[in-house]
Structures are given as structure tokens and as C-alpha cells.
Amino acid sequence: MEINGTGFVLRGWYLEDAISLQQHANNPNVTACVLDRFPNPYTLNDAVIWVNSKQNQNPMVNFAIAVDNKVVGGIGLDFRTDVYRKTPLIGYWLGEDYWGRGIMPEAVKLVTQYAFNELDIICILAFVLSKNPKSMRVLEKAGYTKQGIIKQSVIKADEIYDEHVYGINKPAL
Ligand SMILES: CC(C)(COP(=O)(O)OP(=O)(O)OC[C@H]1O[C@@H](n2cnc3c(N)ncnc32)[C@H](O)[C@@H]1OP(=O)(O)O)[C@@H](O)C(=O)NCCC(=O)NCCS
């Protein structure tokens, strides 16, 4: 399954993507504001493990972002359990060479539309560190609104940050 954006494609992960994935993900500027589970440094072995783990997704929830059929980033939904089972979290990153081109605001919009059309969910949330206003702007451009700020609740690289919570609800039918 593929979703076409302007100058990029959202698609599944292939084993051949590992080298390009490693090259773009292995960057402290990319990892500075994401979860610690995103490896830093990002080795070829990390890339192979990721790509292998995303084969045969059903439904598809983790997309490679490809430009000229080379992977330059990723975007996906993280499903949760219990009362949060219909409220996944969205996460995304892009190789630094591709920042500032409007790719991610459009990618977030496309994945959000896909998710509300194809998946049984009611709401999508995103958690953003206070030091990442660019990501907040990405979400706002994709139609998300700020729901609140959880004060001094996240530790990244031994610094404590506020977390900004963004959300979007499934449009009423
Ligand atoms: C955050 C990220 C996905 C942005 O993707 P992108 O495709 O480069 O986004 P764009 O630059 O096209 O759009 C971002 C918007 O934020 C704006 N912006 C840039 N720096 C900003 C800042 N410091 N404060 C506020 N807005 C800012 C841009 O001007 C643009 O808005 P505009 O189109 O209205 O001018 C990318 O920088 C990235 O991958 N960062 C590392 C990983 C990461 O932080 N992921 C998100 C974790 S929550």
C-alpha cells in the first residue's frame, strides 16, 4: 500500500531500505527530540532490526517516507491498550537534508486521513517536547490542536522538559 504526497511517497518498509534508513537516522539532530527507544547512534544493525520488524504489517501503521524511492524518514502510529485502545500516538522523523520542505506537515495530514478512514480509532494524540516548536507547527499545520501541557514530566538527555499534548478527533460523520 502506498500514499502519494507532493514529492514523496508513504509506503511499507523493504529490506533494501536499511542502508538509507541508517544514513538518515544516524544523526543527533534527528534524535534530540524523539523517544530514547530510537537508537543513537543508529547502526546498520538497528536499521535491519527495524525493517525486519515492519514486514507484513496488517493493518499498515508504520510508513517509510521515500523520496525518489530512497527512505528519508518515517511516520507511524503507536497503538495502545485498555481505555486508550482507540487513541494511538503518532510519531515521525525526517532526515535533516529534507527538513524545511513541507514534507512532514503533509505526511502527518495524509496518515491522519488514512487512519480515520481505515482504522477503528476515535482520536490521535502526539506528545511533543517543549524544545521542539517546529514539531508543534507540523501538527498544527496538519489540523491538530494543543490539548494542554504536562509540566516537567519528561527527561531527555538528563534534562527535564514540559510535554505539549496535541490531538485530533475523528471527524463526525
Ligand atoms: C520536526 C520535523 C519532522 C519537521 O519536518 P519538516 O518536514 O522539516 O517540517 P517543515 O519545516 O516543512 O514544517 C515545519 C513548520 O515549522 C516552522 N518552524 C521551523 N522552525 C520553527 C521554530 N523554531 N518554531 C516554530 N515553528 C518553526 C516552519 O517554518 C514550518 O512552518 P511554515 O510552513 O508555516 O513555515 C523534522 O524537523 C524532524 O524530523 N525533526 C527530528 C525528529 C522530531 O523532532 N520528530 C518529532 C518528535 S515529536
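P59 is found in the loop between helix 3 and strand 3 (62-67), where helices (H or I, at least four residues) and strands (E, at least two) are DSSP runs numbered from the N terminus. This is a predicted model, in which local features need pLDDT of at least 70 and side-chain atom pairs count only at pLDDT 80 or more, while totals for chains, interfaces and linings use all residues. Residues are numbered from 1 along each chain as its sequence is written, and side-chain values use heavy atoms, with hydrogens and water left out.

**Backbone geometry in the loops**

- The peptide bond that leads from N58 into P59 is cis, with omega near 5°.
- The loop between helix 3 and strand 3 also holds N56, a residue other than glycine whose phi is positive, near 55°.
- A cis peptide bond, with omega near 0°, also joins N40 to P41, and P41 is found in the loop between helix 2 (28-31) and helix 3 (44-53).
- As background to these entries, most residues other than glycine have a negative phi, and most peptide bonds are trans.

**Overall fold**

- The chain contains five helices and eight strands, which follow one another along the sequence in the pattern β-β-α-α-α-β-β-β-α-β-α-β-β.
- The radius of gyration of the chain is 16 Å, close to the 16 Å that the globule rule gives for 173 residues, so the chain is as compact as a globular protein of that length; the radius is taken over C-alpha atoms, and the rule is 2.2 Å times the number of residues to the power 0.38.
- Taken along the principal axes, the box filled by the C-alpha atoms is roughly 40 × 40 × 35 Å.

**Ligand site**

- The ligand is surrounded by 21 residues, of which the closest are L94, G100, G102, N132 and K141, a residue being near a molecule if one of its heavy atoms lies within 4 Å of it.
- Backbone polar contacts (pairs of N or O atoms within 3.5 Å) place an oxygen atom of the ligand 2.8 Å from a polar backbone atom of G100 and an oxygen atom of the ligand 2.7 Å from a polar backbone atom of G102.
- On the side-chain side, an N or O atom of K134 is 3.3 Å from an oxygen atom of the ligand.
- The ligand taken alone exposes 960 Å², of which the protein buries 73%, with accessible areas from the Shrake-Rupley method and a 1.4 Å probe.
- Two or more residues of the shell come from each of strand 5 (89-94), helix 4 (103-118) and helix 5 (133-141), and helix 5 gives the most, with six residues.
- The shell divides into 13 nonpolar, four polar and four charged residues, where Ala, Val, Leu, Ile, Met, Phe, Trp, Tyr, Cys and Pro count as nonpolar, Asp, Glu, Lys and Arg as charged, and the others, Gly among them, as polar.

**Second largest pocket**

- A pocket is, on a 1 Å grid over the protein atoms alone, an open set of points where a 1.4 Å probe fits, with protein on both sides within 12 Å along at least five of seven lines, and its lining residues have an atom within 4 Å of a point.
- The second largest pocket holds about 150 Å³ of space, a volume being the space filled by probe spheres set on the points.
- Its lining comprises 10 residues, with T112, Q113, F116, N117 and P171 nearest the centre, and helix 4 supplies the largest share, five residues.
- By class, five of the lining residues are nonpolar, three polar and two charged.

Conventions:
Polar contact = N/O pair within 3.5 Å; in protein donor to acceptor, adjacent residues only side chain to side chain.
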